[in-house]
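Hi,

Here is the model I promised to pass on. Have a look at it first, and my notes come after.

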Amino acid sequence: MCNNIAFAAQDRRFSFTNIHKCVMQGRKHVLSAEAALPVSDLSEAPVILVSGANRGIGAAIARELKAHGYRLSLGARSVESLEKEYGTSGPGVMHAHFDAFDPASAQAWVEATIARFGRIDGLVNNAGNGEQVHLLDDDDEALDRLWAVNVKAPLRLTRLCMPYLEASGRGRIVNIASLSGKRVRNQFVGYNMTKFAVMGLTHTTRQYGWEKGVRATAICPSFVRTEMSSYTDKVTPEEMIQPETMAQLVRTAIELPNNAAMAEMLVNCRLEDTV
């Protein structure tokens with residue numbers, strides 16, 4: 001067992017850097033989600049919530065974090081979809097029902113995580129809605145769905161997790177945004193507005209949490225090889241950003257020290273003038 005995995009009793013601050021040393025001890029390769037810390041070490045590992053963890057970017061994030069020794073609380077509308085993807089819950093992983101349209105499910109998820117692990121060290125707001133509402137479309141219901149999933153749900157989870165993130169001394173929030181929240185290249189006004197709003201949420205969170213050790217990062221990708229990008233023919237799936245790359249960036253944002261925070265990560269698979 002690695003003796004470096006520990007919290008200081010006075011401030012409960014976890015040494016994220018040491019987690020890599022512990023994972024690598026006695027192992028030549030750490031390449032898959034099975035290469036987690038021994039169960040005996042899990043009681044001291046950081047706990048990360050990931051929404052929309054049943055597929056796409058969320059599934060890649062879950063595998064990346066598990067491979068590097070994190071404990072995970074995975075949320076999705078269907079717990080069965082999580083069990084299909086990862087098997088039943090284990091010592092370091094719990095599955096929870098989370099429906100972005102249902103505020104009560106967010107509170108229940110956070111409460112269940114605390115009951116199971118006793119702490120929350122990070123939140124990854126990954127669940128998203130990519131409905132295409134054009135500028136002249138008169139579709140308030142679709143707009144409401146976009147705002148509910150892409151903006152209100154991440155805000156709600158941020159509020160619910162914040163006390164526990166503050167208590168950790170180095171809480172982390174990673175919002176999966178989009179380059180559509182930095183510039184506009186299409187007429188999908190609903191999606192674009194909500195992604196600009198996520199940037200506002202991220203920076204407001206940074207302002208609120210900074211003195212308490214909480215750092216927030218917005219990761220803004222172009223096309224990622226997921227179902228959400230399947231509509232485009234501008235780039236091939238092979239040319240798109242891969243979900244595994246996004247997962248590595250999420251882990252980077254989580255593991256950066258408090259004095260080297262990144263507010264935004266802009267990630268593109270194409271050359272553009274501004275990004």
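This is a predicted model: local features need pLDDT of at least 70, side-chain atom pairs count only at pLDDT 80 or more; totals for chains, interfaces and linings use all residues.

Residues are numbered from 1 along each chain as its sequence is written, and side-chain values use heavy atoms, with hydrogens and water left out.

**The sheet.** There is an open sheet of 7 strands with parallel pairing, in the order β3-β2-β1-β4-β5-β6-β7. β3 (93-97) and β7 (264-267) sit at the edges with a single partner strand each, so one side of each has no neighbour in the sheet. From one strand to the next, the twist averages 15°. Strands here are DSSP runs of E, at least two residues, and helices are runs of H or I, at least four, numbered from the N terminus; two strands pair if DSSP finds at least two bridges between them. β2 (residues 71-76) and β3 run parallel and are joined by 5 bridges, and Gly75 is opposite Ala96 in β3.

α7 (residues 243-255) lies across β1 (47-51), β4 (122-125), β5 (172-176), β6 (215-221) and β7, at about 150° to β5. Axes are lines fitted to C-alpha atoms, for helices over the stretch in contact, with angles from 0 to 180 degrees between N-to-C directions.

**Ile173.** This residue lies in β5 and is buried, at 1% relative accessible area. Leaving aside neighbours within four places in sequence, Ile173 is in contact (heavy atoms within 4.5 Å) with residues including Leu123, Met162, Leu165 and Val214. Pro154 is 19 residues away from Ile173 in sequence and 9.9 Å away in space, C-alpha to C-alpha.

**Glu272.** Where does Glu272 lie? Glu272 is in the segment after β7, and at 10% relative accessibility it counts as buried. Its side chain makes polar contacts (N or O atoms within 3.5 Å; within protein, one able to donate a hydrogen and the other to accept it, and residues adjacent in sequence counting only if both atoms are side-chain atoms). One, of 3.1 Å, is to the side chain of Arg185; another, of 3.0 Å, is to the side chain of Asn268.

Cheers

Conventions. Buried means under 20% relative accessible area, exposed over 50%, partly exposed in between (1.4 Å probe, protein chains only).
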